[in-house]
Amino acid sequence: MAAQTKMDVGGIVRPAGRLDPSNALSPHGGRLGGRAAAHLLRRAGFGGTPRDVGRVAQLTATQAVASLLVLTPASAVAPPPELLDGERPLRRAAVFTLQSWWLNRMLTTPSPLQEKMTLYFHGHFTSRATPRFPLITYNQNALFRQYALGNLRELTRRVSKDAAMLIYLNGAANVVAHPNENYARELMELFTLGVDNYTEEDVRESARAWTGWQVNRRADLVSFNPVLHDGGRKRFLGQTGDFTGDDIVNIIFSQPQCAKFFAASLLNWFVYNDPEPELIDAVAALLREHDFELAPVVGTILRSDVFYSPRAYRALVKSPVEFVIGAYKTLGLSELDYSALPALQQMGQRLFFPPTVAGWPGGQNWLTSGTMIARQNFLTRLLGSQTLGSSSWLRGLPVAPASAAQQLAQNLLQSDLAPASFVELESYLGGKGSAALASLSVENYDQRVSGAAYLAMATPGFQLN
Amino acid sequence: MRRRNFLLAAVSGLAVVANPEHVFSRALAQAPLPGLPGSEGRCLVLINLYGGNDGLNCVVPYGDDRYYQMRPGLAIDRSSVLAIDKRVGLNPGMRSLKALYDKGMVAIVQGVGYPNPDHSHFRSTEIWQTASPGSYQHTGWLGRYFDEAGLRQENLFKGVAVSKVLPEVLVSDRTDIPAVPALNQYSMIADSNAVARDAFSRQARDRRLPFASPYLAHVMEIEADAQSSSEELPKLIAGYKSRAAYPSTGLGRSLALAAQIVGSNLGTKAIYVEHGSFDTHVSQKMTQNQLLLQFSNAIGAFYEDLAAHGNDRRVLTLTFSEFGRRIEENGSRGTDHGEASPLFLVGGGVRGGLYGTLPDLSATNMGNLRYSVDFRSVYATVLERWLGRPAAPVLNGTFQQLPVLA
């Protein structure tokens, strides 16, 4: 998600209560325990099985985060082989292939935080897929993965000259004779500074500095053509010089606002929406101190007291990707089924096709009656299909309704459900209201357990992160 | 009487049969909707032409030589413009709209904008949707209209967004408006399992959760609304049969659903629909012409359908777009973000014609057209003359009304 504050986007809500700024970023002490472990696995990844949660629950925040910060080297991640087979991949299938490939990677990667940050950058430095040239889209995705916890300034430079971005925001059409301002504007407004921190003149002058970058779509090659570049003097954010795009990025990152912008954005992504100015300032100071290296800053956030505070707990709305991957992951399923992609589209998150250059607005905006229906229907299908048989733990639930309900609530929701919901789970498992066999038994076990799992996952708690 | 039964009774005219097994979380015990003086049965359909519709290639100033000088690669040929008078005409794709114009059913307001234009899509969209150029507001102007008119929770379908995401214009402090992307995406499979459905609705009502979340109340409300509205809507509109051949485009499908909602008399006062994207930085001509053709054809079918059911005087359609575009074309045969542009009002209650002043291509603000009509004048007119509510509390100010409605 692009860095948004409450001022920018409706439907983004800060939790009630007050921040204690004095120790907000201090390391959280002691062993995590089940709820905090599940919270960390959801926020720094896409959730975990009961066994994953149990393992992390024994660790301290520092130990748990250290293991999350170990990333898969970019060279060890290969593109989906179908994309490389033959001269021209099937264009219509290419985006589908990419989406399935990435979702499967989110589900199975040994480095979930890396994929979580890749998803973050996809929503932040937004581009839309070019279905005719799928490698361009893949390469941008790989760039985000490579810089998942790398240097933000360097990533901003790289993404500015990335083919997908040059195409999406018309940078490739930006030439000295006829500047195109689209990228120059969004670079400041949505990617690095936010509105009201630059002038219209800054947009025009920055556009001049970005002239000359060209894309050969077929070969996925980006080149700089000095003939098409405006080498003249530009006045930008109070400085004057023969600036190039790299200079523009350096000047932007020297603005105190830039660190604040990313600090707010990261807090929105990991902790809670509309973070307090004091919290933003503290994270912005960390970003500057580490020269915009993300690993130490994200590590500090994920270890911090504020991250584990009750105010941050379930204080975010799960995005559709978090909801879908989280469901598979929590159930212990290791492969997506056919229903995931259409379900994501109906929930309002089609990977590689963000609705606007601002990415997905998030917060309350994820939940309308239409998208809620899509969420519930996804669960109904998932739990009604054969995938259930592959769940690593669901089939091992005890037959006694009370203990089965207890374990379902614990494993799916860390027991974050209302008393009435628990009663419903137990009586559903016990066969209340059903004409069929009254108590849970071998004959009705699968049908009954999957129905109860649906009821548990349909509760409000499971919609929240 | 519970809401569900009230709605069914209102539609069918039949006596209500109580069905105690369908107990939803917000079962209704409230009185029916209050009528709005002079506006009974009226509905506003708001079409967002998102991305920034270029006004000059939409309502074309073909009598002005400067238009052709400033847009050598982009201007619409004089010969193909659908002339309204000697100075302006419509984009050649808009034949259906022109036919409605010739019947006196279209008002074109030229040069609409707002003070101190912001060229950001997001801020500018927000300004048009919240009707608040000077400060940030979290509610939309139609959301405030619902609150102000007292149209709260009694009727789930007092407003409908035909979109995946609830647009800001329908966000309010006290009401929940369903976003219905399409009817076939609006039913719960679990509804067919009576045991699961009833269990779901019972558990969705218990608010004693062992954690606090700023989104909890919203999630619970949406869960309850999703279940009850998905059960109700298909039944409520099942009796309506469309009598026009809608184009098989996104907008065509959206307006077909809008006509069905209007024709089913659910008490719906506002329907939001979107069409785009008009963000034409490169190769604008083909893209925009195609989008305008789709827009015009869908509107043509919509009013044909409405008229066949006697509803064309009940529905006012209003378009908006976050801004127009720069007067001069850029180097990519496209245009960058601009300022003022025209908007359309369509319907049997419209006083057709051209309003506002013709854009002056020489009196510009850094290459942008200056606006001559504040967009809030249009909203004020719609609120007072169409929806029958005072505009000032909704718009936080008084704006001049336009004589665009009969």
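Here is a short walk through this structure, from the meeting of its chains to a few details of the backbone. Keep in mind as you look that the model is predicted.

The size of an interface is often given as the accessible area lost when the parts come together. Here the area buried between chain B and chain A is about 5,100 Å², and carbon and sulfur atoms give 61% of that area. Which three residues of chain B supply more of its buried area than any other three? They are F122(B), Q203(B) and Y215(B), which supply 14% of the area that chain B buries against chain A.

Now look for charged partners. Side chains of opposite charge can pair when their charged atoms come close. Over all chains, the structure holds 28 salt bridges, and 1 salt bridge is found across the interface of chain B and chain A. You can find this kind of pairing between E181(A) and R326(B), whose closest N and O atoms are 3.2 Å apart. E181(A) sits in the loop between α9 (163–168) and α10 (182–192) of chain A, while R326(B) sits in the loop between β8 (315–320) and β9 (341–346) of chain B, so the pair joins two chains.

Next, turn to a pair of helices within chain A. Two packed helices are described by the angle between their axes and the distance between the axes. For helix α17 (residues 340–347) of chain A and helix α18 (residues 369–384) of chain A, the axes come within 8 Å and cross at roughly 160°. Angles over 145 degrees count as roughly antiparallel, and α17(A) and α18(A) are therefore roughly antiparallel to each other. The crossing of α17(A) past α18(A) is left-handed. Which residues meet there? From α17(A) come A340(A), A343(A), Q346(A) and M347(A), and from α18(A) come T371(A), A374(A), R375(A) and F378(A).

Finally, two spots in the backbone deserve a look. In chain B, the peptide bond from G276(B) to S277(B) is cis, with omega near 15°. To find the place, note that S277(B) lies in the loop between β7 (270–276) and α9 (284–308) of chain B. In chain A, F292(A) has a positive phi of about 65°, although F292(A) is not a glycine. You will find F292(A) in the loop between α14 (277–289) and α15 (294–303) of chain A.

Definitions and conventions:
Residues are numbered from 1 along each chain as its sequence is written. Chains are lettered from A and ligands numbered from 1 in the order in which they are written. This is a predicted model: local features need pLDDT of at least 70, side-chain atom pairs count only at pLDDT 80 or more; totals for chains, interfaces and linings use all residues. Side-chain values use heavy atoms; hydrogens and water are left out. Axes are lines fitted to C-alpha atoms, for helices over the stretch in contact, and angles run from 0 to 180 degrees between N-to-C directions. Helices (H or I, at least four residues) and strands (E, at least two) are DSSP runs, numbered from the N terminus. Angles under 35 degrees count as roughly parallel, over 145 as roughly antiparallel, 65 to 115 as roughly perpendicular and the rest as oblique. A crossing is left-handed if the near helix is turned anticlockwise from the far one by less than a right angle, and right-handed if clockwise. Contact means heavy atoms within 4.5 Å. Buried area is the accessible area (1.4 Å probe) that two parts lose on being put together, summed over both. A salt bridge is a side-chain nitrogen of Lys or Arg within 4 Å of a carboxyl oxygen of Asp or Glu.
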